[in-house]
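Hi everyone, thanks for coming.

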Amino acid sequence: MATKIKIVIGLIVIILTIGIGFSLSQKQPDVKPSWMHQVQWSDKPDGAAKIEELLWTELTPYKIEYETVNISASTASEGLRLKVIATAKDTDKQDIYDFVYDGKELLLTGYLLEAIPFQYRNEAIGIALGNQKVAASVSSAGAPTVRRILPKTSEKFYAPKTLLSVTWGGVSALIDPDEQKVVQVWKAGAQQGNK
Amino acid sequence: MNKYASIVAAILVLGMFAGIEAGNIIPVQAQDTAVQGVSAPAPVTPAVAEQTGNFTKIDISPQYGNFRLQPGENKEITVTVRNKEKKAVNVKPNTVILPYGGYVVDPEWVTVTPGSTEIPAGGSQKFIIKASVPKDASIGNSGLQIAFTDEVMPTPYPQPIPNYIHAFQLSIDVWTPPKIQIMMPYINDQLEAGKEYNYDIKLKNTGDQAIGINPKLGSDMLYGGPYGMTAPALTEDSITITAPQRIQAGATETVKLHVKVPSDAKGYYNGYIDLEIDDPSIRDWEGRVQLSFNIWKQPTENFIKNFSLKESVPITIEISSNNYYGYPPINGQGTNAKVPSFDTSLEGPGGKAPLNVTKTVIKGNVNMGGDRPPWEIDSASIYQEMGIQYVVTYRTNGSPGEWKLSVLPMNTQGFDYSITIGG
């Protein structure tokens, strides 16, 4: 009986030892989102892991997955300047984000987000051209730019949600892709107005 | 000691829960008070504003609302009415339909709670406006007003719908998800006169029943080119549409578009294909594919420029394509925009001169904000390439006499030239 108890205790100790050892050998969980496949740094700074952790909450692909995310860092008076360029398979255009990292917080200072799947890009152009004011103002048959507008910017013009900006030279339509409608029209030299 | 600590901790935890509960209750009570605090409907004083111009001082917040609902759905919004008068005001919301456009919302879809109330001087009252769309409602959108008093803006002539001063504007958009997805709702391309082009428009039926289609070229031209409403560069004869009559449930079908550009065509064509999808969830303007073609003709005759030299000096010729200022001529679907090039020759007193390309320059225009829509202000610090220009430089040795420069441009609708004598 005493031998059996010893064997059982021994087994428990072995299992616990293996378990603890296995858990210690594991790395920290990878916080990189599943929609981000490859991350490349140029001039990787100290504390890059912390920066990445903050970055992953700020980068937001639009109906795509980021194939590569290139991060370049440069020192500036206000902190570390970060330029993030993200590419995707479904579009030949990029998403560009500018950040400043002061050692604690990450501040988005600018963005140019054009990585929009072909289908949604064309859909936005179609919606814009369905607006008579826009259609009548388009001055050439050239393709417009289609850019994503983040909610923090959108709320000043419509509502705090992702919108798309379809812009020809001097004419732009702000599109609500969920409601499939033009919510603002801008013409160079004139004040913007509702559709 | 540990026992006392446990008791204290338990009290603290209970206290926290009590606090949370109380926190939840307070706004509910306030809301209940607001909703239920309905006094007996008091007669609303007929407006005297028309005679006096003195309107009752009432604030309505918000003043506008927009509901996008599918049949069978409902939504509500709380509107606060504040009495800024020094006396109580009787308020009785009244739903007023605005019969503009073809679609009309049934007033019975909209309820306002409370139905009437007296707001004390300086007080406020919350009203809940709820719209319930019946399951059998057809799609469309319409506006209505909730007039809280019957005071109207005086007008010199009778109006079909009085302009209520104390009104909340509500837009109701009844929709259903479209069953046909148009994979290519926009075609923008650069076409060459005398050539033919094919485009595929894929349509996917996500519903559980076959849906009929009958694509036709839109009969009304949407807009002209850069010089206003000019005759379109293509006629209906130039565009042929081939399509199946229906798309089976779950299937993807292709509408084929063939464009035969007449050899004498030039300018712009902006129009649309009306797919005439037999799906009531798709509104007229949604079942369309926008067409935008820029038609140009490749010249066959050379551009000629004569000049003379008084002495033997080097001649430098620079030819540059149009700078597509604004936006590069990339296409929505087509890939017909090509890199500009030039067939250039130079003849002098001794015949055709050897013209060597000394350099080719690709010149860009990069914008960092500039004249952009205000919602793109956050891209102001990021480089944006706006247009590309191709510049070719040639050089030869010149001798006194008459010279002739010949240029045949390709894949560009214009070019600049410069002739540098000497240097």
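I'll begin with chain A, then turn to some backbone details, and finish with a sheet.

This is a predicted model, where local features need pLDDT of at least 70 and side-chain atom pairs count only at pLDDT 80 or more, while totals for chains, interfaces and linings use all residues. Residues are numbered from 1 along each chain as its sequence is written, and chains are lettered from A and ligands numbered from 1 in the order in which they are written.

So, chain A. How many helices and strands does chain A have? There are five helices and nine strands; helices (H or I, at least four residues) and strands (E, at least two) are DSSP runs, numbered from the N terminus. Along the sequence they come as α-β-α-β-β-β-β-α-α-β-α-β-β-β. Chain A has 195 residues, and 32% of them count as buried. Buried here is 20 or more other C-beta atoms within 10 Å of the residue's own, exposed is 12 or fewer, and partly exposed is in between, with C-beta atoms placed from the backbone.

Now the backbone. Most residues other than glycine have a negative phi, and most peptide bonds are trans. With that in mind, look at A:Asp43, where phi is positive, near 55°. A:Asp43 sits in the loop between strand 1 (36-42) and helix 2 (48-58) of chain A. Is A:Asp43 buried or exposed? A:Asp43 is exposed, with 11 other C-beta atoms within 10 Å. A:Lys63 also has a positive phi, near 55°, and lies in the loop between helix 2 and strand 2 (66-76) of chain A. A:Lys63 is partly exposed, with 15 other C-beta atoms within 10 Å.

Over in chain B, the peptide bond between B:Ser61 and B:Pro62 is cis, with omega about -5°. You'll find B:Pro62 in the loop between strand 1 (58-61) and strand 2 (64-69) of chain B. Another cis bond runs from B:Thr113 to B:Pro114, with omega near 0°.

Last, the sheet. Four strands of chain B form an open sheet in the order 12-20-19-15, with mixed pairing; two strands pair if DSSP finds at least two bridges between them. Its edge strands, strand 12 (186-192) and strand 15 (216-217), each pair on one side only. Strand 19 (residues 267-274) and strand 20 (residues 288-296) of chain B are antiparallel, with eight bridges.
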